[in-house]
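Please read them with the structure open beside you.

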Protein chains: 2
Amino acid sequence: MAYELYYWDGLQGRGEFVRLALEEAQAPYVDIAREDDGTGDMLSIMDSKTDPYPPFAPPFLKDGDLIVPHVANILLYLGPKLGLAPLDDSRFVAHGLQLTIADMVTEVHDTHHPLSNDLYYEEQKDAAKVRATEFIDHRIPKFMRYFERVLKLNPHGDGHLVGDALTYVDLSMFQLIDGLFYAFPRATKRFGEHYPRLAALHDAVMARPNIAAYLASDRRLSHNESCIFRHYPELDKAAH
Amino acid sequence: MAYELYYWDGLQGRGEFVRLALEEAQAPYVDIAREDDGTGDMLSIMDSKTDPYPPFAPPFLKDGDLIVPHVANILLYLGPKLGLAPLDDSRFVAHGLQLTIADMVTEVHDTHHPLSNDLYYEEQKDAAKVRATEFIDHRIPKFMRYFERVLKLNPHGDGHLVGDALTYVDLSMFQLIDGLFYAFPRATKRFGEHYPRLAALHDAVMARPNIAAYLASDRRLSHNESCIFRHYPELDKAAH
C-alpha cells in the first residue's frame, strides 16, 4: 500500500524533507494535499474527536493505521524501509543531526515570524528585521560551521553526513541549503567559499538521477512566500 | 557502566526531561555538570576537532562510545532500556508526542528571547511582551487542548498519554506543566479547570515514589531565571 503524506497544499514547507526521501527511494506515495479535498481530509484527521493519537500538526505520514507525525520522526520511521538510514546505533546519530536541522528550520521560520504565527508578517516586520540580522550574523555561521565540521570528521569521508552511504540526512541538508539560497541570496552568496563540503553535498544530491528528475517534475513546487523559506529582500543582507 | 548526562550547570533546562526518566527508572547515571570541570568536559566534546559526530548542543547522553544528542532522541534511545516506552509501532506515537513537547519548550524559551539568544532579555523586552502575550492567549490553549484530547482519546484510559503504562512522555508532560506553573502562575491559575486530565497526570507523576524522592533531593535544582522556564512577572498575565 502506498504511503500517504499529509501536508499543507501549495508550498514545499516541512513536507518537502519527506518528499525528497520518498522520491529518492522511488517509494509509492500519495501526496494528499494534491488530491481532491486533501486539505479537508488532513484537517479531519488532526481534529478527530474519536480516533486515538491524533497528530498536532502536519506533516504526518499515514502507513496503514499508523500515523507518524513530525518530519524527523517520519524519516526515522521511513529511513530503514527506504534504505536511507543506518541500521546500527548510528541511527541515533542520524536522527540527532536531523533534529538539529529541524531546529534550524524553525529558526528560519522565525526570521519572518519572530513574535507570533497569528500576526501577519507586516505586523512584526521590525522584530523580523532584528531576528533576521541575528540569524544571518550568528546562527547561519554557527549551524553551518557545525555541519561542515561533521562532514569533515566523518571517518567514512566527507561525501555524506553519516556513514559511507546516502541517508535522509544528506537529502534534508540539500533542502535546508537550497531554502537558504532562495530566502537569503545575499547572505549565502559566498556559501561555497565558507562551507565547501556542504556546497559539494548540496550539488551531489541535486545531481542524483531520482532527485534531478523530481526537481524537474511538476511534483516539485516552487519556493514561495507561503513557505518557511521566504525571500523578503528587506530581511536579507550580505554576511560578514 | 553508568550513563553520562551532559548539560549546562545550575539549571533544570532541557536536561531535566532526561533526568526525570533516569530517576524514575533508578538507572545509574552521572550528571556531568555537577562533577569537577564537568562543563569543560562537555565543551571539549562539543568542540572536538578529531572525534566523529560531535553534538551541536547539550543535552547529550554518552553511553560508552555512543553520543546521543537532543532530548527526544535521548528518550527514544533510553525508553526501551528503562522500561519507559512502548516496544511496538506506538513508539513512533510516543516519539511524536515528545517532539510536540519539544516544540512547545522552544516556544516557552522564545517568550523571553524572541529576537536572539545573543541579546540580553532586557534588550528584547518589548518584543518578549508581545510574544509572551501571544503565547498565553493562543499557544498554551492550542497545545494544552491538544494534549488533553490525546489523554481523553487514549483507548487505554486517560491516565497516560500513550498506551496503558507510564512512559517518558508522561514524565516530560509533568515537567512541561510544572515549568509553566513556575513561569506563568497567573496564566495557569485555572489550569486544572481547563485541562483536568493533564492536571491529574501532573499530580500522579509528582506522587510516584521515585519522582517524589528525586524532587525532594538536592539533585533537583530549583526553577530559576537561567532556565527555559523563567518567571518574569511582566510577561505573565491572566489567561482569557
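This is a predicted model: local features need pLDDT of at least 70, side-chain atom pairs count only at pLDDT 80 or more; totals for chains, interfaces and linings use all residues.

**Notes on the two chains**

1. The crossing of H3(A) and H4(B) is right-handed.

2. Which residues make this contact between H3(A) and H4(B)? From H3(A) come A:Asn73, A:Leu76 and A:Tyr77, and from H4(B) come B:Phe92, B:His95, B:Gly96 and B:Leu99. Sorted by class, the contact of H3(A) with H4(B) has four nonpolar residues, three polar ones and no charged ones.

3. Now take the whole interface. In chain A, 51 residues are in contact with 51 residues of chain B. The area buried between the two chains is about 4,300 Å², and carbon and sulfur atoms give 67% of this area. Three residues, A:Tyr53, A:Phe56 and A:Phe92, supply 19% of the area that chain A buries against chain B, which is more than any other three residues supply.

4. How are the chains related to each other? In general, two copies of a chain are related by a rotation about an axis and a shift along it. Here a rotation of 180° with 0.0 Å of shift along its axis superposes chain A on chain B, with an RMSD of 0.0 Å. The two copies are therefore related as by a two-fold rotation axis. Both copies use the same surface: 100% of the contact residues of chain A recur in chain B. Of the residues of chain A, A:Pro114 comes closest to the rotation axis, with its C-alpha at 3.0 Å.

5. Helix H5 (residues 125–153) and helix H6 (residues 168–183), both of chain A, pack at an angle of about 155°, with their axes 13 Å apart. H5(A) and H6(A) are therefore roughly antiparallel to each other, and their crossing is left-handed. H5(A) brings A:Phe135, A:Met144 and A:Phe147 to the contact, while H6(A) brings A:Met173, A:Leu176, A:Ile177 and A:Leu180. By class, the contact of H5(A) with H6(A) has seven nonpolar, no polar and no charged residues.

6. Chain B has its own pair to check. Its helices H5 (residues 125–153) and H6 (residues 168–183) pack at an angle of about 155°, with axes 13 Å apart. H5(B) passes H6(B) in a left-handed crossing. The residues in contact are B:Phe135, B:Met144 and B:Phe147 of H5(B) and B:Met173, B:Leu176, B:Ile177 and B:Leu180 of H6(B).

7. Last, some points on the backbone. Most residues other than glycine have a negative phi, and most peptide bonds are trans. The peptide bond from A:Pro58 to A:Pro59 is cis, with omega near 0°; A:Pro59 sits in the loop between helix H2 (38–46) and strand S3 (60–63) of chain A. In chain B, a cis peptide bond joins B:Pro58 and B:Pro59, with omega about 0°. B:Asp37, a residue other than glycine, has a positive phi, near 55°. B:Asp37 is in the loop between strand S2 (29–31) and H2 of chain B.

How values were computed
Residues are numbered from 1 along each chain as its sequence is written. Chains are lettered from A and ligands numbered from 1 in the order in which they are written. Side-chain values use heavy atoms; hydrogens and water are left out. Copies are superposed by least squares on the C-alpha atoms of residues with pLDDT of at least 70 in both. Contact means heavy atoms within 4.5 Å. A crossing is left-handed if the near helix is turned anticlockwise from the far one by less than a right angle, and right-handed if clockwise. Helices (H or I, at least four residues) and strands (E, at least two) are DSSP runs, numbered from the N terminus. Ala, Val, Leu, Ile, Met, Phe, Trp, Tyr, Cys and Pro count as nonpolar, Asp, Glu, Lys and Arg as charged, and the others, Gly among them, as polar. Buried area is the accessible area (1.4 Å probe) that two parts lose on being put together, summed over both. Axes are lines fitted to C-alpha atoms, for helices over the stretch in contact, and angles run from 0 to 180 degrees between N-to-C directions. Angles under 35 degrees count as roughly parallel, over 145 as roughly antiparallel, 65 to 115 as roughly perpendicular and the rest as oblique.
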